[in-house]
Amino acid sequence: MDFSSGGGGDPPDSHRRNKRYHRHTAHQIQRLESMFKECPHPDEKTRNQLSRELNLHPRQIKFWFQNRRTQMKAQHERADNCALRSENDKIRCENIAIREALKNVICPSCGSSPSPEDSYFDEQKLRIENAHLKEELDRVSSIAAKYIGRPISQLPPVQPIHISSLDLSMASFGGHGMGMGMGMGGPSLDLDLLHGSSSVVIPSLPFPPMSISEMDKSLMADIATSGMDELIRLLQSNEPLWIKSSDGRTTTLNLESYERAFQSPYTRMKNPNVRTEASRDSGVVIMNGLALVDMFMDAKKWVELFPTIVSRAKTIEVISSGGMGSQSGTLQLMYEELQVLTALVPTRQFYFLRLCQQIEQGSWAIVDVSYEIPHQESQFSSSPCKAHRLPSGCLIQEMPNGYSKVTWVEHWEVEDKAEIHRLYRDLIHSGIAFGAQRWLSNLQRICERFACLMVSGNSTRDLGGVIPSPEGKRSMMKLAQRMVNNFCSSINPANGQQWTTLSGSYEFEVRATLHKSTDPGQPNALVLSAAATIWLPISPTNVFNFFRDERTRPQWDVLSNQNPVQEVAHIANGSNPGNCISLLRAFNTSQNNMLILQESCIDSSGSLVVYCPVELPAINIAMSGEDPSYIPLLPSGFTISHDARQDHHQGDGASTSSTSSGSLITVVFQILVSNLPSARMSPESVTTVTNLIGNTIHQIKASLNCTTC
């Protein structure tokens with residue numbers, strides 16, 4: 001072939017030498033690999049920055065990342081195929097071993113070999129077992145392909161069967177669509193007496209023992225890893241994927257941009273009754289990153305960290321553990337119930353995978369993604385709400401001052417099987433009730449409380465010199481925290497138990513439930529919890545200040561007989577003056593040996609005022625610095641939240657909307673029915689608690705000039 005064109009040209013050998021393949025230096029490869037771990041899909045700006053830094057053409061950077069992604073995909077497929085091939089070989093070896101053992105079987109009765117007919121039937125049993133194992137293998141493979149968006153093996157897909165090595169049979173859950181005669185040894189629970197008033201002790205949920213196969217663990221790891229990748233992209237992206245509200249206080253997901261950017265395998269509720277909730281928020285927290293990660297990965301500490309949101313949680317199985325004492329790489333299968341502090345909104349119950357991954361030094365990401373288990377539909381059949389959690393979680397970044405910056409993402413698909421109560425419809429549909437802002441504001445407030453608990457200095461306003469030492473202050477704070485936890489866990493009964501409506505009217509309805517107390521101060525006592533919710537056209541802040549101020553307490557406390565109350569001691573719980581613990585003493589009462597322990601909490605998502613009468617000798621134990629764990633507590637109180645309603649105004653031909661300033665107030669009382677666990681709700685108890693709530697609500701409305709509401 002003639003390469004000349006009328007003039008002088010390079011010879012062919014010289015042309016080939018000029019086209020030699022360019023090999024990257026060790027430094028370039030190391031830099032590219034580190035960037036690939038952070039972001040496998042860099043944008044054009046990042047590629048241009050890398051090209052300038054490494055003295056490479058942007059197209060070289062682009063092709064390197066394409067080749068690296070292809071290489072990683074091939075490695076994953078080879079690993080998956082090797083795992084499936086190993087499992088298949090193991091089954092085949094077991095089959096051969098059984099066949100060899102059958103050849104040498106001797107009848108224990110006569111000492112002779114079995115007849116050919118017996119061998120034939122044994123061989124048939126093996127064939128049936130092998131068929132079931134192959135179907136199970138194909139089922140897991142097809143589920144994995146649906147979750148992670150790529151085939152996990154080359155086996156032909158088959159229809160899924162209902163035999164799984166991940167057997168989470170809910171036979172112990174008495175009555176959620178399943179019988180009790182399934183061979184499970186779980187206890188039968190009386191639904192009238194389920195645990196519900198937990199304090200520091202988390203009620204033990206009746207989960208049956210189970211076994212998770214290596215194939216199930218591999219599937220869970222793939223789902224969690226894909227969820228982590230999606231969460232990191234959601235955390236790192238801004239507009240147009242995320243849209244800020246007009247006031248700049250909330251950030252919500254642009255669903256159209258999300259569907260274009262993510263070919264997500266997680267969205268599964270494709271019907272018109274399903275709504276999507278997605279929000280993001282970020283802020284600074286007074287706690288270092290490692291402490292936060294450890295608390296997030298411990299189910300008991302997780303409940304104690306978010307008592308107002310997490311009704312109960314349990315780690316079902318640790319799928320993988322982090323190495324060398326680190327939480328990075330830890331994967332857990334968990335169960336959780338999330339709540340709004342009212343009897344009118346059902347809890348969200350779901351199983352999910354939680355994965356913790358250290359992104360870089362001082363930076364961790366924790367992702368939660370729903371995971372469906374066998375018989376889940378039966379277990380949650382009585383729940384009026386079906387919730388599926390898409391990849392959600394947080395990014396924790398340590399700061400030099402020991403604080404942490406936390407960015408939180410919540411992403412839900414929710415189907416309401418029953419209509420949401422009219423009072424909470426706007427709050428739930430807005431996504432605020434279970435949104436990122438509520439999680440983050442609660443975390444900031446509780447971390448401030450922990451910081452105050454650890455301060456050795458005396459931050460109390462001790463009016464009577466009754467708290468003599470820092471140890472006494474910490475003991476009082478622990479007692480108050482147990483009181484708040486007890487109060488929050490009493491509002492929503494355990495395991496989907498329903499409230500009973502005692503009386504109802506257009507103004508409000510009283511709902512009640514009977515449950516066993518798990519408070520260590522009153523073990524196995526039978527407690528009646530009753531609650532009612534009202535709406536008032538007053539801002540939540542003003543309502544909160546009205547309830548927490550001891551000077552206005554006689555206006556609503558029907559048990560004080562309008563006697564004045566004096567604050568004996570005051571312990572600050574945070575930077576907001578409303579976050580505090582108070583010890584109150586009532587004047588002119590016959591019960592001079594009783595004091596009132598009260599804690600008030602407020603953040604951007606809502607507020608609480610919780611109180612409990614405590615005998616003077618018990619208070620003295622706490623104030624002296626001794627362990628307050630066994631002091632009996634039966635708290636009552638109020639929860640206050642924004643109504644999230646929109647006021648629409650018409651003017652100059654244009655319609656505008658603004659958020660109203662109304663409040664949703666839930667009144668909660670607890671009454672000790674009996675110390676005998678076999679007791680039942682009596683008509684006298686029902687009448688007492690109904691009158692107590694009714695009189696309290698009428699006095700609140702009268703004091704706030706809202707009698708017509």
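Which residues touch the most other members of the largest nonpolar core? Here are some notes on that and a few other spots, kept in mind that this is a predicted model.

1. **The core.** The largest nonpolar core has 48 residues, and those touching the most other members are Phe 296, Phe 306, Trp 408 and Leu 443. Helix α12, residues 436-454, supplies the largest share of this core, with six residues.

2. **A second pair on β6.** Arg 389 forms a salt bridge with Glu 336, and here the closest N and O atoms are 3.5 Å apart. Because Arg 389 belongs to strand β9 (residues 385-389) and Glu 336 to strand β6, the pair ties together parts that are 53 residues apart in sequence. Arg 389 counts as buried at 1% relative accessibility, and Glu 336 is buried too, with a relative accessible area of 0%.

3. **A salt bridge between sequence neighbours.** Glu 509 forms a salt bridge with Arg 511, and the closest N and O atoms are 2.5 Å apart.

4. **Helix α2.** This helix covers residues 26-38, and at 1.5 Å a residue its 13 residues should span 18 Å; the end C-alpha atoms are 19 Å apart, which agrees. Buried in α2 are Gln 28, Leu 32, Met 35 and Phe 36. Seen down the helix axis, the buried residues fall within an arc of 105°, so they line one face of α2. Ala 26, His 27, Gln 30 and Lys 37 are exposed on the other side of α2. As a reminder, an α-helix has 3.6 residues a turn, so residues three or four places apart point the same way.

5. **Helix α15.** Residues 616-623 make up this helix, where Ala 618, Ile 619, Ala 622 and Met 623 are buried. Viewed down the axis of α15, these buried residues fall within an arc of 135°, so they too line one face of the helix. Their cover includes α13, β17 (580-586), β18 (594-603) and β19 (606-615). After α15 comes Gly 625, which has a positive phi near 95°.

6. Is Ser 489 buried or exposed? Ser 489, in helix α13 (residues 470-491), is buried, with a relative accessible area of 7%. A polar atom of the Ser 489 side chain lies 3.1 Å from the backbone oxygen of Asn 486. Asn 95, in helix α4 (residues 58-103), is also buried, with a relative accessible area of 12%. Not counting residues up to four places away in sequence, Asn 95 touches Leu 126 and Asn 130.

Methods. Residues are numbered from 1 along each chain as its sequence is written. This is a predicted model: local features need pLDDT of at least 70, side-chain atom pairs count only at pLDDT 80 or more; totals for chains, interfaces and linings use all residues. Side-chain values use heavy atoms; hydrogens and water are left out. A nonpolar core is a set of buried Ala, Val, Leu, Ile, Met, Phe, Trp, Tyr and Cys residues joined through side-chain atoms within 4.5 Å. Buried means under 20% relative accessible area, exposed over 50%, partly exposed in between (1.4 Å probe, protein chains only). Helices (H or I, at least four residues) and strands (E, at least two) are DSSP runs, numbered from the N terminus. A polar contact is a pair of N or O atoms within 3.5 Å; within protein, one must be able to donate a hydrogen and the other to accept it, and residues adjacent in sequence count only if both atoms are side-chain atoms. A salt bridge is a side-chain nitrogen of Lys or Arg within 4 Å of a carboxyl oxygen of Asp or Glu. The expected span of a helix is 1.5 Å times one less than its number of residues. The arc is that of the directions from the helix axis to the C-beta atoms. Contact means heavy atoms within 4.5 Å.
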